[in-house]
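I opened this entry to record what I looked up in the structure, item by item. The sequence and the model come first, and my notes follow.

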Amino acid sequence: MKKFFVIAFALLVASTTISSAQIPTYEELIKKDWAGYSRFSQDNGRVPQGQVIFMGDSITEVWNSLDHEFFVTNGFVSRAISGQTTEQMLCRFYQDVIALKPRAVVLLAGTNDIAMNNGFISKENIIMNLKAMCELATKHGIKVYICSILPCSEYAWRPQIKHSTEWIKDINAEMKAYASKHGKVTYIDLFNKVKGRKDGLDKNYTSDGCHPVLECYKVMENIVLQKVK
């Protein structure tokens, strides 16, 4: 019996040690910022009111990087974070959009959800997140421009996903219908202006099938300016 208790105690100590090792420390926890609240927290205080905020993921972040003059000249401000999904954007939407008191927000999001960057999310929930951001903005008197998700027939970082084109078309159709019924939301069709064969990005507009190159951004800029101006 004594031997049994010694073994049981040893196993308890071992399991406790393993569990403790798996629990992140306080220092590790404060470094984690799933929604990206800290990314723009300091810069937000320097943004003048009345600007146009671009909310998005790497497609918008790279856009601002490749043609920053386009943003500066037109009073546009990027609040995009590479890799983010609509749920992450929704979390930081008040801080990075509403609190800045912009006159409008341009929303280009959803492709990372389809790529399952944060795990599975249904098509319906992606649409719900997009609509939630639209509703938050309009409730605060902010005009919304919802861009179609860009074509992407295959995600290079997740080739197992085969339904991207179907989902992109369905979500775009739903958001277009939503905007047509909402007086303060305007739908911007980028998809049909930059698509190529098999409803992917035109081969001249991308290097990886998903992200635009500068030539593609120039096309997108003309379309966006016609709406936003």
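Are Phe70 and Phe71 buried or exposed? I found that Phe70 is buried and that Phe71 is buried as well, where buried means under 20% relative accessible area, exposed over 50% and partly exposed in between, with a 1.4 Å probe and protein chains only.

Before going on, I note that this is a predicted model, in which local features need pLDDT of at least 70 and side-chain atom pairs count only at pLDDT 80 or more, while totals for chains, interfaces and linings use all residues. Residues are numbered from 1 along each chain as its sequence is written, and side-chain values use heavy atoms, with hydrogens and water left out.

**Aromatic rings**

I looked up the ring pairs next, taking rings of Phe, Tyr and Trp (its six-membered ring) as paired if their centres lie within 6.5 Å, with planes under 30 degrees apart counted as stacked, over 60 as edge-to-face and the rest as tilted. By this rule the count comes to 11 aromatic pairs. Ring pairs link Phe54, Trp63, Phe70, Phe71, Phe76 and Tyr217 into a cluster.

I also noted a charge over a ring, which requires NZ of Lys or CZ of Arg within 6 Å of the ring centre and within 35 degrees of the ring normal. Lys143 lies over the face of Tyr145, at 5.5 Å from the ring centre.

**Helix α3 and Asn64**

Helices here are DSSP runs of H or I with at least four residues, and strands are runs of E with at least two, both numbered from the N terminus. Asn64 has its place in helix α3, residues 58–66, and is buried at a relative accessible area of 18%. For polar contacts I used a pair of N or O atoms within 3.5 Å; within protein, one must be able to donate a hydrogen and the other to accept it, and residues adjacent in sequence count only if both atoms are side-chain atoms. The side chains of Asn64 and His68 are joined by such a contact of 2.8 Å. Taking contact as heavy atoms within 4.5 Å, I found Asn64 in contact with Phe71 and Ser78, leaving aside its neighbours within four places in sequence.

The buried residues of α3 are Ser58, Ile59, Thr60, Trp63 and Asn64, and what covers them includes β1 (52–56), α4 (68–74), β2 (76–80) and α10.

How do α3 and α10 pack, and at what angle? The angle of α3 with helix α10 (residues 214–228) is about 95°, and their axes are 11 Å apart; the axes are lines fitted to C-alpha atoms, for helices over the stretch in contact, and angles run from 0 to 180 degrees between N-to-C directions. The two helices, α3 and α10, are therefore roughly perpendicular, the word used for 65 to 115 degrees, whereas under 35 is roughly parallel, over 145 roughly antiparallel and the rest oblique. On the α3 side the contact includes Ile59 and Trp63, and on the α10 side it includes Tyr217 and Met220.

**Two loop residues**

I then turned to Ser148, in the loop between β4 (143–147) and α8 (164–180), which is buried with a relative accessible area of 0%. The side chain of Ser148 reaches the backbone nitrogen of Phe191 at 2.9 Å. Not counting residues up to four places away in sequence, Ser148 touches several residues, among them Leu108, Asn172 and Tyr187.

Phe40 lies in the loop between α2 (26–31) and β1 and counts as buried at 8% relative accessibility. Phe40 and Ser78 are 38 residues apart in sequence, and 9.8 Å apart in space from C-alpha to C-alpha.

**Positive phi**

Last, I checked Lys198, in the loop between α9 (191–194) and α10, whose phi is near 55°, a positive value in a residue other than glycine. At 73% relative accessibility, Lys198 counts as exposed.
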